[in-house]
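Hi everyone, thanks for making time. Have a look at it first.

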Amino acid sequence: MNLPLHNWQAQFVALAGKLADNDGAHDINHLHRVWHTAQTLLRTHPEADALIVQAACYLHDLVNLPKNDPQRHTASQQAAKLACRHLEAMHFPPDKLAGLKHAIEAHSFSANIAPETIEAKIVQDADRLDALGAVGLARLFYTAGRMGSQLAHPEDAAGSRRTLDDKQYALDHIACKLETLPASMQTVTGRRLGEERVQWLRDFRTTFIAEWEGATAD
């Protein structure tokens, strides 16, 4: 089955909608955003296989375990196996399955699998970019709320007199993890976009701390 890219997209969306147990931070809009960003990265990497990238963008979260689940680090590998099993039945090009499997496995931060292909690098960058900027901030606090985290430390939101703990305090996640993401980007365009988006988060954190600690000082 040699379908055009846009025809495959409809099938990927349908498969994700059928199989994925997505929360509000990993819903279909997240998948659309990741693919949209990936297309930007593809423009500077014409050597990449766009079909593999598109498939991985839409199917990377077929298995989405909570961040505090002890098996969280295996979620991307489970998702890759599930995606390949269903795509085989859909007559996805068999010579692209290995590349797709790797791109899905390597997208995950917790899996700690280095991306070895340009397709995997693009998918990883596109997914991480969705954790940055305004939408990334909303996803951060949504996920923190689901995990029962507090907004910020009641007396030291900046973390100047304590060790940062992003499992307990949502605001800490910006400094603990999100600020590190631009340096981990695999593409030049991904790093540039990451720096732009993370600066927005730094500015937000500064404003938040000023309001938070200003109120406690009264």
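Okay, so let's start with the largest pocket: 33 residues line it, and Lys67, Arg72, Phe109, His173 and Lys177 lie nearest its centre. Before I go on, this is a predicted model, where local features need pLDDT of at least 70, side-chain atom pairs count only at pLDDT 80 or more, and totals for chains, interfaces and linings use all residues. Residues are numbered from 1 along each chain as its sequence is written, and side-chain values use heavy atoms, with hydrogens and water left out.

What do I mean by a pocket? On a 1 Å grid over the protein atoms alone, it's an open set of points where a 1.4 Å probe fits, with protein on both sides within 12 Å along at least five of seven lines; lining residues have an atom within 4 Å of a point.

Who supplies the lining? Helix H4 (75-89), helix H6 (118-129) and helix H7 (133-146) each give at least two residues, and H7 has the largest share, with five. Helices here are DSSP runs (H or I, at least four residues), numbered from the N terminus.

Now the packed parts. The largest nonpolar core has 42 residues, and Phe12, Leu59, Leu87, Phe92 and Leu100 have the most contacts inside it. A nonpolar core is a set of buried Ala, Val, Leu, Ile, Met, Phe, Trp, Tyr and Cys residues joined through side-chain atoms within 4.5 Å, and buried means under 20% relative accessible area with a 1.4 Å probe, protein chains only. The biggest contributor to this core is H3, with eight residues.

Let's zoom in on leucine 100. Apart from neighbours within four places in sequence, leucine 100 is in contact (heavy atoms within 4.5 Å) with Ile52, Ala55, Ala56, Leu87 and Phe92.

Leucine 100 is also one of the buried residues of H5. Why is H5 largely enclosed by the rest of the structure? Because seven of its 10 residues are buried. Their cover includes H3, H4 and H6.

Last stop, alanine 126, which sits in helix H6. Is alanine 126 buried or exposed? Its relative accessibility is 0%, so alanine 126 counts as buried.

Key. Buried means under 20% relative accessible area, exposed over 50%, partly exposed in between (1.4 Å probe, protein chains only).
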